[in-house]
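This briefing covers salt bridges and nonpolar cores. The structure comes first, then the notes.

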Amino acid sequence: MIVNNLSLCYHNKLILAPMVRVGTLPMRLLALDYGADIVYCEELIDLKMLQCKRVVNEALSTVDFVAPDDRVVFRTCEREQSKVVFQMGTSDAERALAVARLVENDVAGIDVNMGCPKEYSTKVNCFHCTLHKYRILSTLVKGTRRPVTCKIRILPSLEDTLSLVKRIERTGIAAIAVHGRFRSCLFLTIGGSHDHIQGYLDIEDFRRATAASSVMVARAAMWNPSIFLREGPRPLEEVMQKYIRYAVQYDNHYTNTKYCLCQMLREQLESPQGRLLHAAQSSQEICEAFGLGAFYEETTRDLDARRAKLLARSPEEAEEPAEDTSGIIKMAIKFDRRAYSPQITPKMCLLEWCRREKLAQPVYETVQRPLDRLFSSVVTVAERKYQSTLWDKSKKLAEQAAAIVCLRSQGLPEGRLGEESPSLHKRKREALDQDPGDPTTQEPAVPGELCKKPFVALAGGQESPLEGW
């Protein structure tokens with residue numbers, strides 16, 4: 001089958017298996033660098049993908065599938081286009097086909113997960129629902145221009161498993177991946193891939209022992225993606241640094257980067273470097289923990305320059321938020337979380353000041369610039385508007401920057417380290433001084449709760465949380 005002018009063949013291949021939170025773009029590119037022939041993305045659910053819009057990200061040279069809350073659900077690039085297989089979780093043939101058609105121009109293949117013990121996958125994994133499963137695969141084979149595969153787990157008996165595989169084969173799919181566990185088995189039940197596969201030769205031994213055409217590697221590749229190298233794995237420090245470089249270059253969310261690095265470090269998480277990684281709260285702090293601070297600064301400058309060039313080419317998209325900007329007080333400010341107390345933020349300080357002065361609470365109006373998906377926020381306090389002229393990666397950061405502009409304009413404390421914020425500290429002391437046994441005592445306010453206030457989004461500017469495991 002011809003895909004993107006190249007043949008996608010599943011024979012005699014080394015494959016990065018689909019892994020939730022691990023199979024994002026930086027890990028897939030790293031696996032390709034180290035010798036993987038095919039890479040699978042993490043399993044993505046059909047309902048979530050159908051909400052996404054395909055966006056060409058010129059600044060990163062990627063194609064992004066962006067959810068209504070502005071979170072990137074799937075990101076890919078030209079480098080992997082002929083190698084990446086999109087895996088979906090689905091229980092509906094029509095939804096599956098709609099997702100396949102959404103992504104088929106940007107991937108090399110489509111895979112249906114039929115073996116994961118998660119609910120959204122096991123809805124189509126019951127042996128008594130085989131007709132439903134076959135309909136999903138048949139619909140995809142007939143309706144998409146990309147090869148279709150599926151991944152299953154073994155059934156209670158060899159005969160049942162062989163019967164299932166033969167019936168799936170008749171749907172016309174290109175390959176079947178067999179995960180050698182029962183559907184009821186979680187990875188903790190059996191495990192052991194690292195005990196058996198620690199290098200390329202072990203993968204080859206496994207291939208011969210199972211008589212499989214190709215081999216998918218999951219956890220051993222997660223722990224060290226250079227497992228695919230014929231000459232043997234590279235030192236972990238080198239691998240992690242290379243992974244971080246990809247993560248920064250492709251603007252991977254720092255929480256996902258941190259998660260993958262923690263999986264690589266494993267028993268070294270209590271080392272000095274592991275503790276630095278655990279404490280990191282941004283991509284910059286992760287880079288600094290691994291001696292890549294200068295790389296982060298240089299890459300960020302280059303990315304900002306590319307964005308500025310694109311905006312200069314498209315001036316209509318570089319406009320300020322769509323409102324009458326006369327009278328807005330502006331400063332070139334970014335919120336650097338490292339300069340502030342973890343318990344006190346500028347938004348909290350501004351809200352507390354408004355309460356003390358008996359003013360209406362601050363109102364934040366946030367927009368997102370379509371070209372580079374950066375955010376800008378305007379905060380209104382006492383009928384005056386305040387805004388940073390610098391655009392930020394998230395709605396949350398943009399709001400904090402706007403709050404700083406307001407506070408500095410008024411000469412007020414903003415929560416910086418070493419800076420006193422009397423009213424907030426006073427409230428904490430009062431709460432601590434109360435008798436916990438007094439039935440009239442109220443539970444002290446949690447600092448983070450002060451930020452959970454309504455806001456007005458002018459252009460769908462939403463926060464972009466990373467999906468959990």
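The side chains of R338 and E288 form a salt bridge, at 3.1 Å from N to O; the term means a side-chain nitrogen of Lys or Arg within 4 Å of a carboxyl oxygen of Asp or Glu. This is a predicted model, in which local features need pLDDT of at least 70, side-chain atom pairs count only at pLDDT 80 or more, and totals for chains, interfaces and linings use all residues. Residues are numbered from 1 along each chain as its sequence is written, and side-chain values use heavy atoms, without hydrogens and water.

**R338 and E288**
- The pair joins distant parts of the chain, 50 residues apart: R338 is in the loop between β14 (329–331) and α15 (346–356), E288 in helix α13 (residues 283–289).
- Helices (H or I, at least four residues) and strands (E, at least two) are DSSP runs, numbered from the N terminus.
- R338 is partly exposed at 31% relative accessible area, and E288 is partly exposed at 41%; buried means under 20%, exposed over 50%, partly exposed in between (1.4 Å probe, protein chains only).

**Around R307**
- R307 is buried, with 8% relative accessible area.
- Its side chain meets that of D304 in a salt bridge (3.9 Å, N to O).
- R307 and D304 are three residues apart in helix α14, so about one helical turn separates them.
- Salt bridges with shared partners connect D251, D304, R307 and K393 in one network.

**Nonpolar core**
- The largest nonpolar core has 83 residues, of which M49, F86, F228, I244 and L261 touch the most other members.
- Such a core is a set of buried Ala, Val, Leu, Ile, Met, Phe, Trp, Tyr and Cys residues joined through side-chain atoms within 4.5 Å.
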